[in-house]
Amino acid sequence: MKSISALDERYVAHTYKRFPVELVSGKGSEVFSSQGKRYIDMGSGIGVTAFGIADETWQQAVTAQLSTLQHTSNLYYTAPCAALAEHLCTRTGMKKVFFSNSGAEANECAIKVARKYGEDRGIKAPVILTLCNSFHGRTVTTLAATGQDHFHQNFHPLTPGFVHAPANDSEAVKQQLKDPNVVAILFECVQGEGGVVPLTQEFVQGLDKLRSERDLLLMVDEVQTGNGRTGSLYAYQQFGIQPDVVSTAKGLGGGLPIGATLLGERTEQVLDYGDHGSTYGGNPVCAAGALSILSRMDEALLDEVKEKSKFIFSSLQGAKGVKNVTGMGLMIGIETLRPVGEVLADCMEQGVLCLTAKTKLRLLPALNIPMPLLKEALDIIKAACAK
Ligand SMILES: *Cc1c(COP(=O)(O)O)cnc(C)c1O
């Protein structure tokens, strides 16, 4: 019998350089390999398994829906989809939701909204401003939105209609806005793939001010920062703004694929019947899972996220081999003295799964990771950094 990794190497396209670990099961923030090795999960499937592996509340919500009605298409009304949209709007002040299956698709919808918003105002070739070092997805259009050249290589020609400005540089943004075709700004409040780099309050407030000076949409990519990850339901809520569009995915489904694009007062009417669609979007099983996830993100849980965040920052800042720590909530970037690949490999060897972002070690643990596991993982991470 061939091993999992041998089969995978033989038949799965080599777009991922996988680590030499075959994961077979898990519970909460612990996962187990085919060799019986136990790991503490500090990556939660890239910020997806918000309440860990095989969480019972989520599992019950999903399996109940799975055995009732698993799919209908968007030709009909279903309860989980409607209830999830209501929940999202009630807690954000947004007005309408479009459901899809991933972060890239959630952003694709945002981009279509911005383009049609522009066209409705007589702009024939609308332009969207995004930030350098951003990440918005892997489809050809969301690649174009992504402000990192190395993702673009080999995939030209990219979708036109995007310009970029450095993050936290209001002057550069103003320069780009001299082009009257710019209809929207799309940004992450904390650049995730870009190295866990938070935007400054001043910069985000500045974007808000620019919106009030001209007809411009503020669109926030909350695919990674959303759904409790940064200590508020959505990260923008800590920046004192009310966006026109919010896209989210990752943690929303707790492990099932779902994306959502939230539309505000200025954008809720932009898309009309037939303008956009998705066969699976708002699928009852994924929606039931997401509703169960969001329903548990109350003040107590968000406070817990903030407390754990403080604990991580205080235990890592100034630790041997740690140059600095950035991020918000349970989205943490660690600049290490040693090459990050070596630190990551040592952590893995010692039973802790971490992520990287650019040259940093990145932590995105489950929001409910128990303190003893968090402490155990941090001790191992610190030891790896100090080596
Ligand atoms: C992961 C991510 C995406 C892409 O999400 P997919 O589900 O992989 O398509 C988009 N934007 C941000 C900020 C992300 O972190």
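**Exercise 1. Decide how far helix 10 is enclosed by the rest of the structure.**

Solution. Of the 12 residues of helix 10, 10 are buried, so the helix is largely enclosed by the rest of the structure. Buried means under 20% relative accessible area, with a 1.4 Å probe and protein chains only. The model is predicted: local features need pLDDT of at least 70, side-chain atom pairs count only at pLDDT 80 or more, and totals for chains, interfaces and linings use all residues. Residues are numbered from 1 along each chain as its sequence is written, and side-chain values use heavy atoms, with hydrogens and water left out.

Step 1: list the buried residues; among them are Pro284, Val285, Cys286, Ile293 and Leu294. Step 2: find their partners, which are helix 3 (56-66) and helix 4 (79-92). Helices are DSSP runs of H or I with at least four residues, strands are runs of E with at least two, and both are numbered from the N terminus.

**Exercise 2. Check the span of helix 10 and find what caps its N-terminal end.**

Solution. Step 1: the expected span is 1.5 Å times one less than the number of residues. For the 12 residues at 284-295 this gives 16 Å, and the end C-alpha atoms are 16 Å apart, which agrees. Step 2: the cap is Asn283, with a side-chain oxygen 2.9 Å from the backbone nitrogen of Val285.

**Exercise 3. Describe the setting of His136 and its polar contact.**

Solution. Step 1: His136 belongs to the loop between strand 5 (127-131) and helix 6 (140-145). Step 2: at a relative accessible area of 2%, His136 is buried. Step 3: its side chain and that of Asp221 are joined by a polar contact of 2.8 Å. A polar contact is a pair of N or O atoms within 3.5 Å; within protein, one must be able to donate a hydrogen and the other to accept it, and residues adjacent in sequence count only if both atoms are side-chain atoms. Step 4: not counting residues up to four places away in sequence, the residues touched by His136 include Ala104, Asn107, Thr130 and Glu188.

How values were computed
Buried < 20%, exposed > 50% of the residue type's maximum accessible area, 1.4 Å probe, protein only. Contact = heavy atoms within 4.5 Å.
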